[in-house]
Amino acid sequence: MQLPPEAPKRPEAHGLHDRMRNDDYGWMKDPEWQKVMRSPEILDPEIRAYLEANNSYTEAVLAPQKDLMDRLFEEMKGRIKEDDSSVPAPDGPFDYYHRYEQGGQHPVFCRRANGDGGEAGEQVILNGNVLAEGTSFFRIAACRHSPDHRLLAYAVDLSGSEYTTIRVKDLESGELLADEIGSAQGDVAWSADSSTFFYTILDDNHRPCEVRRHRLGEDPEQDELVYSEADPGFFVGVGKTESGRFVAISSHDHTTSEIRVIPADAPADTPRLIAPRQVDVEYDVTDRGDRFYILTNIKGAEDFKIATCPLEETDPASWRDLVTHEPGRLIKYIRLFAGYMVRLETVEGLPRIVITDLTSAEEHAIAFDEEAYDLGMQPGFMFETTVLRFSYSSMTTPPRVYDYDMATRKRVLRKEQEIPSGHNPGDYMTARITVPSHDGAAVPVSLLYRKDLALDGAAPLLLYGYGSYGHSMPASFSANRLSLVDRGFVYAIAHIRGGMDKGYHWYSDGKLLAKKNTFLDFVAAGEGLIEAGYTRKGGIAIHGGSAGGMLVGAVANMRPDLLKAVVGEVPFVDVLNTMCDDSLPLTPPEWPEWGNPIAEAEAYDYIASYSPYDNVTAQNYPHILATAGLTDPRVTYWEPAKWVARLREVKTDSNLLLLKTNMDAGHAGASGRFDRLKEVALVYGFLLRVFELD
């Protein structure tokens with residue numbers, strides 16, 4: 001049997017606030033990490049050898065599951081309609097859509113004459129499969145046609161680092177223009193006359209900090225700086241309002257935002273500030289007629305409200321409530337049409353779509369029947385329309401796309417995700433329960449299992465969670481997870497604090513000095529599922545990615561006795577060291593989420609008390625699989641690598657401890673739709689090995 005790789009210990013002492021900590025594995029952070037993001041081949045040879053040795057070890061340990069993982073891959077692939085396509089979205093003379101080809105890994109973007117349903121009229125405007133030829137990683141980050149439909153600006157990432165290159169294609173000739181812009185974030189906003197576009201630049205520390213204006217045919221090196229963000233804790237992005245009249249530049253961290261606008265028909269104008277930033281005040285802006293419409297939490301509107309103001313008078317003193325704040329009703333998004341406003345909101349963790357007729361002020365909600373489900377408003381190009389496109393799914397129901405006429409209140413099913421290998425929703429049960437947390441808070445848990453499963457506590461259970469940044473975990477459909485459920489697993493999603501599943505307070509009660517509520521809610525969810533008979537103690541696998549990886553790492557330290565296995569995908573586990581390193585891409589913007597341990601001793605001590613890497617102790621741990629991406633700018637590869645090394649050094653059990661690093665990808669893993677399935681098959685193969693199932 002191949003032995004696990006041993007990582008040498010090279011103690012590094014770090015001190016802050018008269019506290020000292022030692023990091024034996026800090027050497028895994030390449031001193032040239034910024035360059036590695038762009039050119040992964042220059043990674044320090046010793047670090048590369050360690051990562052590759054772990055990859056070899058993981059492959060050897062899971063070799064007996066190779067046939068099973070191959071079956072899982074084919075099973076999941078069989079649920080994908082390989083030649084699938086999106087519902088065409090009308091814009092002027094064309095319908096735009098994307099589709100996949102049989103065997104193709106990447107999307108093919110197309111258009112055809114408006115209303116022409118025939119394939120003969122199709123024009124391929126960007127073929128991801130052709131562009132990806134010869135690459136180990138390829139992702140299309142943006143694909144934006146110009147208002148006059150003659151040009152296409154698109155952005156591609158060739159390393160997984162999320163540094164993209166923007167190119168422009170002439171859709172009449174099919175030729176690429178000479179214009180080429182590197183180090184871009186990938187967002188593109190066109191001027192009204194299609195001669196200019198705005199884009200965001202990433203600096204050497206991978207922070208989107210500048211918006212520039214490019215005029216076609218001119219040297220990108222001479223592009224004019226439109227806006228520069230001085231605060232390293234704020235990210236910048238650029239887009240357009242639904243009317244198409246304004247280019248909007250947003251500056252934001254996780255709790256504070258600021259918007260500037262430029263008329264799309266006057267792209268050379270200086271950006272106009274809507275309202276200066278105020279700490280912990282968020283707002284977003286769109287427009288209709290002579291007014292801006294503003295979604296905001298200003299003046300204590302914790303769960304947000306909608307206000308309006310004149311286009312030329314945007315100071316908050318002029319904002320007038322259109323939809324007042326209602327505690328417990330979280331307004332998440334608004335979308336504006338010429339005659340209607342649509343808002344997506346959640347109440348008690350369940351979403352709903354509410355439509356307001358802006359002429360009569362009459363409003364109504366679209367009704368749904370299932371106990372737990374997910375809704376989404378799909379973006380479109382048309383402003384002068386009465387048709388809203390939205391998506392619906394549940395844990396048993398594959399995604400459906402509807403067109404809803406806001407005037408007649410009739411909905412038309414335009415597409416339902418097809419499962420070629422077959423899927424009968426009636427074979428499955430979905431449910432939602434609530435469990436009490438340590439302080440009495442009621443934590444919702446969504447469940448999926450086969451209808452014929454005996455709920456006698458014997459079933460293995462996979463508990464998924466995230467619980468950060470206010471991100472809610474939707475009770476949506478996933479064809480992949482059926483491969484576990486069909487083998488007897490109960491699949492559960494814990495809607496824990498740190499997300500906004502139950503309103504903004506649910507987020508604020510799971511961040512900063514209340515962060516441990518996130519972990520305790522997750523533990524309570526596990527205990528509640530055991531008590532309700534869905535599984536047994538020691539029969540739970542927990543799964544989380546990124547900040548959800550921090551969650552499962554912390555819970556593995558706190559309550560390993562509950563668990564059989566842990567899967568941390570690109571897990572944020574080295575929280576204290578990362579938050580003390582302000583050169584890293586996300587550190588300053590993350591301080592409002594975790595606290596600033598550099599400036600505040602209290603934040604330092606609190607993060608130190610839960611950071612998974614710092615709290616690994618000599619105890620028995622469950623089976624653990626960690627994954628990483630070499631060019632990941634969000635959770636750097638050395639975090640899971642260090643965590644595994646520390647666990648391997650001190651844990652007292654003989655359970656599996658595996659690290660798999662994708663040497664050709666970043667935060668989101670493999671880029672092709674089938675390559676990504678191989679990574680899912682690895683995770684599921686690991687879990688089935690641990691639970692002795694096939």
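Lys299 lies in the loop between strand E19 (291-296) and strand E20 (305-310); strands, like helices, are DSSP runs numbered from the N terminus, with at least two residues (E) for a strand and at least four (H or I) for a helix. The model is a predicted one, in which local features need pLDDT of at least 70, side-chain atom pairs count only at pLDDT 80 or more, and totals for chains, interfaces and linings use all residues. Residues are numbered from 1 along each chain as its sequence is written, and side-chain values use heavy atoms, with hydrogens and water left out.

Although Lys299 is not a glycine, its phi is positive, at about 55 degrees. Most residues other than glycine have a negative phi. Is Lys299 buried or exposed? With 72% relative accessibility, Lys299 counts as exposed; the cut-offs are under 20% relative accessible area for buried and over 50% for exposed, with partly exposed in between (1.4 Å probe, protein chains only).

His149, in the loop between strand E7 (139-145) and strand E8 (151-157), has a positive phi as well, near 70 degrees. His149 is buried, its relative accessible area being 10%.

I turn now to the sheet. An open sheet is formed by 4 strands in the order E26-E27-E28-E29, with antiparallel pairing; two strands pair if DSSP finds at least two bridges between them. Strands E26 (374-377) and E29 (410-416) are at the edges with a single partner strand each, so one side of each has no neighbour in the sheet. Strand E28 (residues 400-405) pairs with E29 over 6 bridges in the antiparallel sense, and Asp405 has Lys410 in E29 as its bridge partner.
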